[in-house]
Amino acid sequence: MRLSTYEIILPLVATDEKQIEGYALLVNGLYGAVDVVPKEDADKLQAGNFAGLSAALRERLLLRGHITCKDEAGELTLSLAGSVSRFTEAERETIMETISQKEMFDIVKANAFFPEPEKAGKGN
């Protein structure tokens, strides 16, 4: 088990821009998960001390993607699973059999999941 590659741990800040002592904000850029945890637990996460977390919190953080049993490539593959549902069965099979992130990215890009940026001046 490890902290997600895409995890960001920030101080929790109130609407008046003052830090809320004793709490931290967990943000996972890959899954879009945002959670508030006690600062003590955030410190344990950063230190890799997952055994020091309660079982309930560990389970929640796993479900939300903050911690994972997958390597970086596995995390990325899992995040694309929702997008994969738009592919044909043959395309899905090819994606699941790819051996590199570059191959996977090329397949996703070729299927217009990342539209090209609009040209400057177009549509004026």
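**View 1. I20, Y23 and V36 make a nonpolar surface patch of about 250 Å².** In such patches, residues have over 30% relative accessible area and no salt bridge, and nonpolar side chains are joined within 5 Å. Areas come from the Shrake-Rupley method with a 1.4 Å probe. This is a predicted model, in which local features need pLDDT of at least 70, side-chain atom pairs count only at pLDDT 80 or more, and totals for chains, interfaces and linings use all residues. Residues are numbered from 1 along each chain as its sequence is written, and side-chain values use heavy atoms, without hydrogens and water. I20 sits in strand β3. Its relative accessibility is 32%, so I20 counts as partly exposed (buried is under 20%, exposed over 50%, partly exposed in between).

**View 2. Strands β2 and β3 pair in the antiparallel sense.** Six bridges join β3 and β2, residues 7-13 (strands are DSSP runs of at least two E residues; pairing takes at least two bridges). L10 has L25 of β3 as its bridge partner.

**View 3. E17 lies in the loop between β2 and β3.** Five residues separate the strands of this hairpin. E17 is not a glycine, yet its phi is positive, about 65 degrees. Most residues other than glycine have a negative phi. E17 is exposed, because its relative accessible area is 68%.

**View 4. The largest nonpolar core has 11 residues, among them I9, A24, F50 and I67.** A core joins buried nonpolar residues through side-chain atoms within 4.5 Å. β3 (19-28), α1 (39-47) and α2 (55-64) each supply at least two of the core residues.

Notes. Buried < 20%, exposed > 50% of the residue type's maximum accessible area, 1.4 Å probe, protein only. Helix = DSSP H or I, 4+ residues; strand = E, 2+ residues; numbered from the N terminus. Patch = residues over 30% accessible without salt bridge, like charges linked within 9 Å, V, L, I, M, F, W, Y side chains within 5 Å. Salt bridge = Lys/Arg side-chain N within 4 Å of Asp/Glu carboxyl O.
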